[in-house]
Amino acid sequence: MFVLELTYTAPIEAVDVVLEAHVTWLDEQYAKGVFLASGPRNPRDGGVILAVAEDRAAIERIAATDPFVGAGVCAYRVTEFAATKTAPELERHREAPR
């Protein structure tokens, strides 16, 4: 499982220009089963995405396709973790302790 932390690298006005394309991209990732939760940070200086993928390289490839990245308005920080405890709804993503 991965936590993707987005940090805006441009003024919010530049982010808003690409927001609709970013939301469409988010919807595509949800439809593929990659993203589990997402939303803006407070204050609105970036966002957070909870995701699943086969490995870090796959999640980095997906993040690189975000229209925010293409427009140069955000940077990603990717943190991988083992979800050894989950809510019942996320049980299929649970991992055995290492």
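**Basis.** I worked from a predicted model, in which local features need pLDDT of at least 70, side-chain atom pairs count only at pLDDT 80 or more, and totals for chains, interfaces and linings use all residues. Residues are numbered from 1 along each chain as its sequence is written, and side-chain values use heavy atoms, with hydrogens and water left out.

**Entry on the pocket.** I took a pocket to be an open set of points on a 1 Å grid over the protein atoms alone, where a 1.4 Å probe fits, with protein on both sides within 12 Å along at least five of seven lines; lining residues have an atom within 4 Å of a point. I counted 15 lining residues for the largest pocket, and Tyr 8, His 22, Leu 26, Gly 39 and Pro 40 lie nearest its centre. Strand 1, helix 1, strand 2 and strand 3 each give two or more residues to this lining; helices (H or I, at least four residues) and strands (E, at least two) are DSSP runs, numbered from the N terminus. I noted 9 nonpolar, 5 polar and 1 charged residue in the lining, with Asp, Glu, Lys and Arg as charged, Ala, Val, Leu, Ile, Met, Phe, Trp, Tyr, Cys and Pro as nonpolar, and the others, Gly among them, as polar.

**Entry on two lining residues.** I located His 22 in helix 1. His 22 counts as buried because its relative accessibility is 6%; buried means under 20% relative accessible area (1.4 Å probe, protein chains only). Setting aside residues up to four places away in sequence, I found that His 22 touches Leu 6, Asp 66, Pro 67, Phe 68 and Tyr 76, a contact being heavy atoms within 4.5 Å.

I located Tyr 8 in strand 1. At 17% relative accessibility, Tyr 8 is likewise buried. Among the residues that Tyr 8 touches beyond four places in sequence are Val 15, Arg 44 and Phe 68. The C-alpha atoms of Tyr 8 and Arg 44 are 8.8 Å apart, although 36 residues separate the two along the chain.

**Entry on helix 2.** Which residues of helix 2 are buried? I found Ala 58, Ile 59, Ile 62 and Ala 63 buried in this helix, which spans residues 56-64. They lie on the same side of helix 2, because they cover an arc of only 135 degrees around the axis, taken from the directions from the helix axis to the C-beta atoms.

**Entry on a proline.** I found Pro 43 in the loop between strand 2 and strand 3. The peptide bond from Asn 42 to Pro 43 is cis, with omega near 10 degrees.

Technical notes: Buried means under 20% relative accessible area, exposed over 50%, partly exposed in between (1.4 Å probe, protein chains only).
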